[in-house]
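Good morning. Please look at the structure on the screen before I turn to its pocket and to one helix pair.

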Amino acid sequence: MAVSEEKNSKSPSLEESMNKRKRKRNRAKKTEQKNPGTNNGRDEAEAEAEAREVEIKEKKGNKKKKSKKLRSEKDYDKQEERGNNEDETEEVEEEEIKEKVKIEGSGIMSTESFESLGLSEPTFKAIKEMGFQYMTQEKASIVLSLGAMLKLLDICNTLDIQARSVPPLMIGKDVLGAARTGSGKTLAFLVPAVELLYNVRFTPRNGTGVVVICPTRELAIQTHAVAKDLLKYHSQTLGLVIGGSSRRGEAERIVKGVNLLVATPGRLLDHLQNTKGFIYKNLKCLIIDEADRILEANFEEEMKQIIKHLPKQNRQTALFSATQTKKVEDLARLSFQTTPIYIDVDDGRKKVTNEGLQQGYCVVHSSKRFVLLYSFLKRNLSKKVMVFFSSCNSVKFHAELLRYIHVDCLDIHGKQKQQKRTTTFFDFCKAEKGILLCTDVAARGLDIPAVDWILQYDPPDEPKVNIHRVGRTARGEGAKGNALLFLIPEELQFLRYLKAAKVPVKEYEFDEKKLANVQSHLEKLVANNYYLNKSAKDAYRSYILAYNSHSMKDIFNVHRLDLQAVAASFCFSCPPKVNLNIDSNASKFRKNTRKVEGTRNNFSETNPYGRQGSEDDKRQFVRY
């Protein structure tokens, strides 16, 4: 037929592109002869890639021309062939994009698609429209968001954790999943949860069918937002219960019927115990996200109570975490009714963080820490930066001080009201550049777009906390980011632990002469401003208390700190008087000996009158 003849015959423009490719190859050969030591293989590959792109464009142009001709002709057979041509062109595009994904990827994208999972039409339609940022394939000159891939392919690739955990979850198996942060765990458990509710035709009068437990309020809000997008074309209801929000409003929604409930542990337990009309007897699936963080936040007892309240019969359980600990194993033993399928996509990796992340550390004297931070932030005002501190008071003081000296920044910590925390989180997500000061409340699961730098002003409590902190950048396939850890000379042994935890770091040096000369100005500022002075004292005290409670006492020993230098980092000329309640080693020894020997005058429950003349003296002392 006419269409097939047109397809087989090469267009003049396609011949030109082939000639161009030949000319480029000839040029490459000539340059190779002149410079035999240089590597031109990559240039030739680039030329071939460009030529392939030209061919695709030419085929697209041919397709459009053919479609115009076919519109004028009303013959049904010709229209059918036009459809075949379009399918062939789309297949070529699919192959091209898959090739690029394979070339550019760093290992978390799988070749399986959501379409191959046999999802329901409403779920697949919602996934098509979502365009998750942590499913972005981006590197060098090519940037393919999920939405763009879908428009080209009418298909979307799954991440490795999703490809391996979604199928067993879809058939009702229990799953214990471990994958590094930023690898797409949220979608891995939400897709099967939504499908489960859809397949059993859950309605509001059936109560709650799926419960998702998150460690922090921000992560719960983010998970709720993803679930809302997934349920866009479903009739099932969705709810969020977190601390800091109106309990009455939450209870009213729960009583009306919430099919998929996203919650933090404390508030969920409160509703389980006290909300009348909360129907959870029909629970089909329990999902625990970031399980190790939940247990670190002292929610261990709450989790035990929650699991006791929830029905065990016919309940599927999924437990996801970026790091596996002894406590997580204990919780898994308590949660699972059957032996779970263990999925670890990072097993055998040389490093536990993403490929595009460059991690470094710098050794800085305690007194110079804030000046270095200030100098760094001033030079990177066009970037998106997160700075981690060890305490809420430290975040509060540094945010106030930076704003006072005209460095705009946002702050998130546990002492803020929930509305302020939520607003700050979304403001920083939307911002293209900016500075966010935070505690470890922002170290888990939060998917903040395009973070350029992670600064750890105060070192993490242990290596796995470091993994979660730096996981806020370089999230997803092909993404890039940087992380910098501040260490004082006494803390250098911490690097051994990082190396043992497969966290590669290299040393960054800085020129002290190039640091901003602002120390004396800052000291005067803090000394003369009552509110800054009070805030600085609270931050100084909290820093020392946090240092004293550090889990690695052999490295982070509070008694080895130079308090004069520490005070200088909080803009004091000399250490302020604060009540620390920290025992010295000598006082600990005295207390221990007293416990053994008893008190000085032998006062005790059995001897309320204290020391007596002799052991045989059993007189009763009476006051007249």
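Which helices each supply at least two residues of the lining of the largest pocket? They are helix 11 (265–274), helix 12 (291–296), helix 18 (463–470) and helix 21 (530–548); helices here are DSSP runs (H or I, at least four residues), numbered from the N terminus.

This is a predicted model, in which local features need pLDDT of at least 70 and side-chain atom pairs 80 or more, while totals for linings use all residues. Residues are numbered from 1 along each chain, and hydrogens and water are left out of side-chain values.

In total, 40 residues line this pocket, and Arg 293, Glu 296, Ala 297, Asp 440 and Val 441 lie nearest its centre. A pocket is an open set of points on a 1 Å grid where a 1.4 Å probe fits, with protein on both sides within 12 Å along at least five of seven lines; lining residues have an atom within 4 Å of a point.

Helix 21 also meets helix 16 (residues 392–404): their axes, lines fitted to C-alpha atoms over the stretch in contact, come within 8 Å and cross at roughly 145°, on a scale from 0 to 180 degrees between N-to-C directions. Contact, meaning heavy atoms within 4.5 Å, involves residues including Phe 397 of helix 16 and Leu 532 of helix 21.
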